Amino acid sequence: MGAYWFQGLIEDDSESGFREFTVLKDKFVRDRIGRESYKYMALDGFRVTAGHVMMDRKEPLASSSTRMKTAENYIKRGCTLLLIQHLVTSLRHFRAHYDHFLNNLQWMPLDYMIIPVIPGKWVRPEMIRFFARKGSPFLCIEVQSKEELSGICWEWIVQAQAYKRMPLTLFVKDSGNTSNNYSEMWSSLSEQYGMIKLTDVQDDEVLSSQNLRDSGIYPGKGGMVPGGQADYNLYRIDQDRKFAEQGDFIYHSAVPNVTVMNGQVKQVNQKLIDRKPGSHRKVKIHKHFV
């Protein structure tokens, strides 16, 4: 879309209000730079949000029989960066399995990152270091019982974290046993060993603003800031939109009319107009903007 600027009513987790933005090619910029002729884009009648960073929790891409359709559904919901779960199933060959998994994602029509999910009984320090080198924003430890948490050598895990400071989070499959307070146990373990973890329990598809900062995804993605990718959603203001009790726009559950990723329009009125593959994004510095 070249070089342009726009003004609009911006909605995000931290603030809302009327603001102005400038875009050059695929990024937001602070000032008009270069010899480009910047055009004005009118957004009257729209609300604007940053592109959503989402994790494929409800519709896992790896197990989908219609992967392209699943990926397109995420775009239609305003996702401009999809965090794809990669289940680690081998102690000896996890590096080769990761390379194979990544090679099979080159068709993805939106930007993506890989989130390793490791069963608690298999997690090893070398895995922490490997996936941190590969630029994963965080790593998920999956457990089925509280006994698995006590069976992990956390001292070694924390030592491995010192290499890149990649945060950890916890996935629990013990959904039938509500007597175990896993969040409290996880917080206690993190405090006891000085473990680096995501601030918020990631049980929603859309990453919280704090988790975006913890993982190092922000400000490259998930925000509308100078230097970040030009990802945003436009929602037409009408009577059918959902509002909270205070009158705030609930954009997580609404459907955007337009989704822009890296300065290019991806969907308009729930029809994809750009299926070009996205990029495998990597985190360079974890917890850098906390």
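Are phenylalanine 130 and phenylalanine 131 buried or exposed? I started my notes there, keeping in mind that this is a predicted model. I found phenylalanine 130 buried, and phenylalanine 131 is buried too.

**Entry: aromatic pairs**

I looked up the ring pairs next, and the structure holds 12 aromatic pairs. One of them joins phenylalanine 94 and phenylalanine 130, with ring centres 5.5 Å apart; their planes stand at 80 degrees, over the 60-degree cut-off, so I noted the pair as edge-to-face. Phenylalanine 94 is buried, as is phenylalanine 130.

Phenylalanine 130 also forms an edge-to-face pair with phenylalanine 131, at 5.1 Å centre to centre and with 75 degrees between the planes.

I then turned to an aromatic cluster, which is made up of Tyr4, Phe6, Phe21, Phe28 and Tyr232.

**Entry: charges over rings**

I checked the arginines against the rings. Arginine 57 has its charged end over the ring of phenylalanine 171, 4.0 Å from the ring centre. The charged end of arginine 213 sits over the ring of tyrosine 218, 4.1 Å from its centre.

**Entry: helix H1**

Which residues of helix H1 (residues 67-76) are buried? I listed Thr70, Ala71, Glu72, Tyr74 and Ile75. I followed their packing to strands S6 (52-55), S7 (79-87), S12 (258-261), S13 (264-268) and S14 (271-272). After H1 comes glycine 78, and I noted its positive phi, near 95 degrees.

Key
Residues are numbered from 1 along each chain as its sequence is written. This is a predicted model: local features need pLDDT of at least 70, side-chain atom pairs count only at pLDDT 80 or more; totals for chains, interfaces and linings use all residues. Side-chain values use heavy atoms; hydrogens and water are left out. Rings of Phe, Tyr and Trp (its six-membered ring) pair if their centres lie within 6.5 Å; planes under 30 degrees apart count as stacked, over 60 as edge-to-face and the rest as tilted. Buried means under 20% relative accessible area, exposed over 50%, partly exposed in between (1.4 Å probe, protein chains only). A charge sits over a ring if NZ of Lys or CZ of Arg is within 6 Å of the ring centre and within 35 degrees of the ring normal. Helices (H or I, at least four residues) and strands (E, at least two) are DSSP runs, numbered from the N terminus. Contact means heavy atoms within 4.5 Å.
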